[in-house]
Structure formats: C-alpha cells, structure tokens
Amino acid sequence: MKKQHDHVFRSAAAVVACATAATVAVGCSPPRSSATAKGITVAETSAPTTLDPQGSSYFSDRFAWQLSYQCLLTTTPEGKVEPQLATGYKRSADGLTYTFDLRPGVKFQNGETLTADDVAYTFDRLKRSPDGIAEELFPTLEKATATGDSTVAFHLKRPDAGFVNNMANPLVWGCAVMNKKAATSENMATRMVGTGPWAQESYRPNSELRLKRFTGYWDRKTASENLSILYVPGASTQVSDLQAGAVDLIFTGTSSARTLSGSDKFDVKNVPTDSTIFLQVNNLTKPFDNVKVRQALALALDRDSLAEQAYSGGGARASVYIPGGESWAPAPADVPYSTPNIAKAKELLKEAGHPDGFSAPLMYISGYDPGTNDLVAAVQNQLAKVGIKIQLDPQERGTWGDKLTSAQYALSWNAQSYYSNPYQYVQPAEGRQGPVPDALRKLLEAAQHAGDQTAYQQALIAVENWEAENVYPTLTLLATNTLVAYRKGLSGVEMPPSQSRAFLAQVSRG
C-alpha cells in the first residue's frame, strides 16, 4: 500500500478523536488569549502527534515542522526545485551519487553550526523512522556520508530522478535536517531544533505551540516577532475565535467562509492545492478488466460538474493525475479520456459487450469530509447516464483501508495529499490492482533514469498520458482548494499549493 494515500484520512481521524475528547478533557481546548500587536495567532484543526519530523506520516503533523525545520532543497509554488540549506548539488554521470554543498554559516536554533555530519546523521536516523518514511520517500538511498565539513554525498542503489524532488519537500517531510547534538540529547517529540525562521518558545500538547523570531536565521527574518498556533478542533469555534479577535487567521471550509466573506472585518482567499481526489479502479474485477469499460467510465464523468456539485463555493476544481500546481503539467483538456463524452462512453460499453450497462459497487469513507458524500452521489448520477448503475458502499475508515490494500473492491473513492515528487502521483500502488503492464513499467523506468528535471517532467507526462489512455491504475477527478480566512490588515497571506505553513514567516499586521 502506498502510505501517502492514508495520510489524509488518518489525520482526519485525529481531528475526530480530539473533537470527541474536547467534550471531556481540557487538553483539547486551547486558551482564548487575544492576538498580540507584535505577533500573529493562527488556529489549526489538528494538533501534531509529535514534533519530531521523522516520527510520523500524518499530513497535519507537518504543519508544525515547517515552521522550524528546513531541507537541503525546497520547491517553489510553481513546482521548481531550488537550493535551501544547500547551495547546489552535482549528479554523477551514472546517476548513483548526488553531492551537496552546504550553505556556509547556517545556524541551528540552539546556536550550533550546520555541518555535513548533521546531514549524514539526519538520514541515518531517518532509516529508523517508525512509519518507514525512508523506505517510502527514499527507497533507492543506500547511505549518506560527510565528505567534508560542508559537503555530503548521497549514494543510491539505482538511478532515481525523483530523488531531488523528495529532498525538496516544502512540507519538510522526510528531508528535514536535524541537529545531531539536539537529537541525541533532547526529546524531539516535544522540542524542535531546526534551521528555520521560527524558534520554538513553548509547547502545550493539544493546546498551543508558541514560536519567536529566530534572530540567527540565515535568510530573510520573520515579518512578525511572535507566532502562536492554537489547536481548535471545531470549525465553528475557529470562526467564533476569529470574530472575537482571539486568532488572526484560520484554514476553513466553504460554509465557514460564506459566514465570513460578507464581513468588512475579514478577507477570505481560495487557495488551489495539489491534494487530489480520485477513483481507484480495480482491473482484476469484471467488467473493469476490459479497457473499453474503463475508458467509458472516464468519459462519463464531468469533472467540472463534480466539483460544483460536491464542493460548491470553490472547494475543488477539475484535475488529472498530475495536478495543476505543477506549472509544466498538462491541463485536463489535453489528457486522453479526460473530457466528458456521453455518446462515446455508450459506444465503448456496447463494444465491450455491455449495451445496457452494468452494476458495480463504489466504496468510500462515509462522512470523510463535507464533500465526500456529495461527490460519490454525483458520480453515481453521472454514471447512470451511460447505464453504469453504481451501488454506494459506505465504509468505516479501517474497513475501507483494509479492503483497498487487499484489492477487495471494484471502485473506490480515494484521496491523497501533496507530493513534492510528481512521480508519486502516477506511481501504481502494489496490491491494489493487477500487475503493472510492461509498457507502463518501461515508461516509469525511463522517468527514473531521466538526466535532468526537464527530461523527468516530460517522461512523467508520457506516463500520465498512458495511464489516462488506459484508465489505470486510477482515475483522478479533482484537486481540492483550501480557504484561508483572516483579519483585514494582515499582509503576506500567500499559501502555496503544497499547503506549507512556511508562508506564515512573512505574515504581519499592516
């Protein structure tokens, strides 16, 4: 099972757990202190399960890590890989060694200077991650060695053009550089010691994380002196806190945004993200073992209509395998079988031996988010127009996950969060469908052997086109949006498609 597909629904479970606990325990209820003139206060729905950037695969945990930790490289909102803690890297001719030059004079928040030993230690420690992060993100990495005080060599088992993309994750997942001294002497689960612009000041689990400007930061200093993150599970409570002045900014849904958008005290931004929603199509089950049936399925669905019906108010938009946050990615209209065509879908079903259509179950997590139930109902209605009669099959999270990973389904709703490595948007997940066809495997291998980012991107477009043509292994429908509501007078509210909270470093009052 490709773990990343779990991160969205697992973090949502944590939200539910905290919301339930809040009725009986003070630990999930943050203080209602009002925002200060020298700082900003932000509400997050889900508290981190750990502050250790190697200790969890939960998507929501990363929102805290991004404030204090950084990677050797980073990815811009346009999808371009750029230097961060490293000034650059060299790739060996055989593609098996990447040598990074560290930026001089970088300090950790405990005063220690960044060295190659810290980087080598970081990736050695990552191998012991309880969630297997190293195996998921860096399956080709053999070892990292310090080749000098400020140079680090990464040795790969086989070529992997996506290696640098995983090293450039703006969510700092898997690539956060840690200080060896701090990591071997302090409790990283409750204490962050990174190179980023914010230094941790205090932390009350499930309640509040306080940070202050790191005066020794190597790059542009934070626009505000202080940052306070309050953990508030309830959407309505977040809105009330914003209205009362207890917080300055929240990440909200469409219904809450409508409540705030009519006020002259608040601004609301609709931010396109690269988190996607898709159908898992099991080609081991009839009739989905027939490519014409899968193509008919794709042509019967109108992505724009699905977005409007399930996420009215701009909560989602049409997407294909590689989401639009990647500036080089093709638009849905330019990808095979991604433009609705009811007549063609009916013709394909007839050719496949199903002139009157057929019935099939569609499993999903009931009530996963405000749009899921509406989405699967809309899919059901659209497919009925070509004779595909869908039986909706709501599941509990655990049961849904078990059935998905063991391929005990015909069609399944699924969702995934942002990937810094676009290869992961098109990589088949073992066990969920039939063996990867040879033609696709060759295209995937060609992408991994690409010599530079441009060649890598073109190879991934070829993979996407093949998968769309064959509607295998999935059928991507939508990319979700995030709504950011904040008090008027705040500047610098520019969240990227990755949803990285690093942008908070440049948010200030007026």
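Here are some questions and answers on a predicted model.

Colleague: How many helices and strands does the chain have?
Modeller: This is a predicted model. Its secondary structure includes both kinds of element. The count is 16 helices and 19 strands.

Colleague: What radius of gyration does the chain have, and does it agree or disagree with a compact globule?
Modeller: The chain has 510 residues.

Colleague: What percentage of the residues count as buried?
Modeller: Buried means under 20% relative accessible area. Of the 510 residues in the chain, the share that counts as buried is 57%.

Colleague: Which residues gather in the patch of positive charge on the surface?
Modeller: Lys and Arg count as positive. The patch on the surface is made up of such residues. They are Lys127, Lys143, Lys157 and Arg158.

Colleague: Is Lys143 buried, partly exposed or exposed?
Modeller: Lys143 lies in strand E6, residues 141–148. Its relative accessible area is 41%. Buried means under 20% and exposed over 50%, so a value in between makes Lys143 partly exposed.

Colleague: Where is Glu351, and what is its relative accessible area?
Modeller: Glu351 belongs to helix H11, residues 342–351. Glu351 is partly exposed. Its relative accessible area is 43%.

Colleague: What distance separates the C-alpha atoms of Glu351 and Leu483?
Modeller: Along the chain, Glu351 and Leu483 are 132 residues apart.

Technical notes
Residues numbered from 1 in each chain as written. Predicted model: local features only at pLDDT ≥ 70, side-chain atom pairs only at ≥ 80, totals over all residues. Heavy atoms only, no water. Patch = residues over 30% accessible without salt bridge, like charges linked within 9 Å, V, L, I, M, F, W, Y side chains within 5 Å. Areas by Shrake-Rupley, 256 points an atom, 1.4 Å probe, with all protein chains shown as cover. Salt bridge = Lys/Arg side-chain N within 4 Å of Asp/Glu carboxyl O. Charge placed at Lys NZ, Arg CZ, Asp CG, Glu CD. Helix = DSSP H or I, 4+ residues; strand = E, 2+ residues; numbered from the N terminus. Buried < 20%, exposed > 50% of the residue type's maximum accessible area, 1.4 Å probe, protein only. Rg over C-alpha atoms; globule rule 2.2 N^0.38 Å.
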